[in-house]
Amino acid sequence: MSWKTIFCALSDMSRVEHTLTHAADLARLHGAHLDVLSLGVARDPATHYFSGAGAMMVQNIFEGCHEEAAEIDSAARAVLGKQDGFFWSCDKGVAQLADLGHHVADRARFADLAVLPMPYGEGLGPELAPLTEAILFDGRVPAMVLPNTPDITLDPRRVVVAWNDGREALRAARDALPMLQRADRVHVVVVDPPVHGPNRSDPGGLVSQFLVRHGVTVEIDVLSKTLPRVADVLLRRAQDIDADALVMGAYGHSRVREAVFGGASRHMLEHAPLPLFMAH
């Protein structure tokens, strides 16, 4: 298994250089092609109601979107033009905020991995969260989400894999194999495992066996939920072992997408100080 196509969707000028510099490093490391989509997003609700918005207003909004996409595209090409050792391509497009998911998912679904900036933070646009959601849920593409800090690596030596015996967690561990196989040590972290069930005597054992057979060096850490959120326990363990990345499934207790991003996934996407590999 390998990553041969890496996808980036960019809609925020302030995140272009940081995101693409790390995405380029990852593409070079894995011999992958980097596909970049620069987006101009119509964030104004007036564009959703054409019957109530003047034609001139709508035209001005979308002209601004095309200009924004062209500006991001120009910045992306400038960053990638300084890189070598891999192939890349750039494209641009515009979308309404309400239709952003469909537009992005159609482009992302043929990639092996997406590299994205953290979707939550001060001064960030409202489109970053639905963009991340579209890639994970509609495109069914795993994502490497980058915190906005300079001292990170996408070739981690120590990795935390959050494990709860769920489908999403297994999907994340499987999709992250190209990264896990390169790591020096992978910690499968289980928080408050169930006291009943077939795996109660060996929590994390089967997924660790799966990883070991793929050449991954694994330790199992069984922890108690000593903090209010499981996400906080995972982040504290990552800090304790000086982890470079964290792997987890994007999941929730509700089938409603907003509920998914209101739980552990949302907390991680707001507070994780290290690269976060997520899959659904």
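This is a predicted model: local features need pLDDT of at least 70, side-chain atom pairs count only at pLDDT 80 or more; totals for chains, interfaces and linings use all residues.
Biologist: What makes up the lining of the largest cavity, by class?

Modeller: It has 4 nonpolar, 1 polar and 2 charged residues. The lining residues are A9, L10, S11, D12, R15, P117 and L128. Asp and Arg count as charged, so D12 and R15 fall in that class.

Biologist: How many cavities of 30 Å³ or more does the search find?

Modeller: The whole structure has 1. The largest cavity has a volume of about 40 Å³.

Biologist: Why are W3 and F277 called a stacked pair?

Modeller: Their centres are 6.0 Å apart, and the cut-off is 6.5 Å, so they pair. The planes are 15° apart, under 30 degrees, so the pair counts as stacked. The count comes to 1 aromatic pair.

Biologist: What does the pair tie together?

Modeller: W3 lies in the segment before β1 and F277 in strand β10, so the pair ties together parts that are 274 residues apart in sequence. Both W3 and F277 are buried.

Biologist: Why is R266 said to sit over the ring of Y120?

Modeller: The charged end of R266 is 3.9 Å from the ring centre. The limit is 6 Å, so the distance passes.

Biologist: Which residues of helix α7 are buried?

Modeller: G205, V207, S208, F210 and L211 are. The buried residues of α7 pack against β6, α5, α6, β7 and β8.

Biologist: What follows α7?

Modeller: G215 does, with a positive phi near 85°.

Note on methods:
Residues are numbered from 1 along each chain as its sequence is written. Side-chain values use heavy atoms; hydrogens and water are left out. Rings of Phe, Tyr and Trp (its six-membered ring) pair if their centres lie within 6.5 Å; planes under 30 degrees apart count as stacked, over 60 as edge-to-face and the rest as tilted. Helices (H or I, at least four residues) and strands (E, at least two) are DSSP runs, numbered from the N terminus. Buried means under 20% relative accessible area, exposed over 50%, partly exposed in between (1.4 Å probe, protein chains only). A charge sits over a ring if NZ of Lys or CZ of Arg is within 6 Å of the ring centre and within 35 degrees of the ring normal. Contact means heavy atoms within 4.5 Å. On a 1 Å grid over the protein atoms alone, a cavity is a set of points where a 1.4 Å probe fits but cannot get out, and a pocket is an open set with protein on both sides within 12 Å along at least five of seven lines; lining residues have an atom within 4 Å of a point. Grid points are joined across faces, edges and corners, and a volume is the space filled by probe spheres set on the points.
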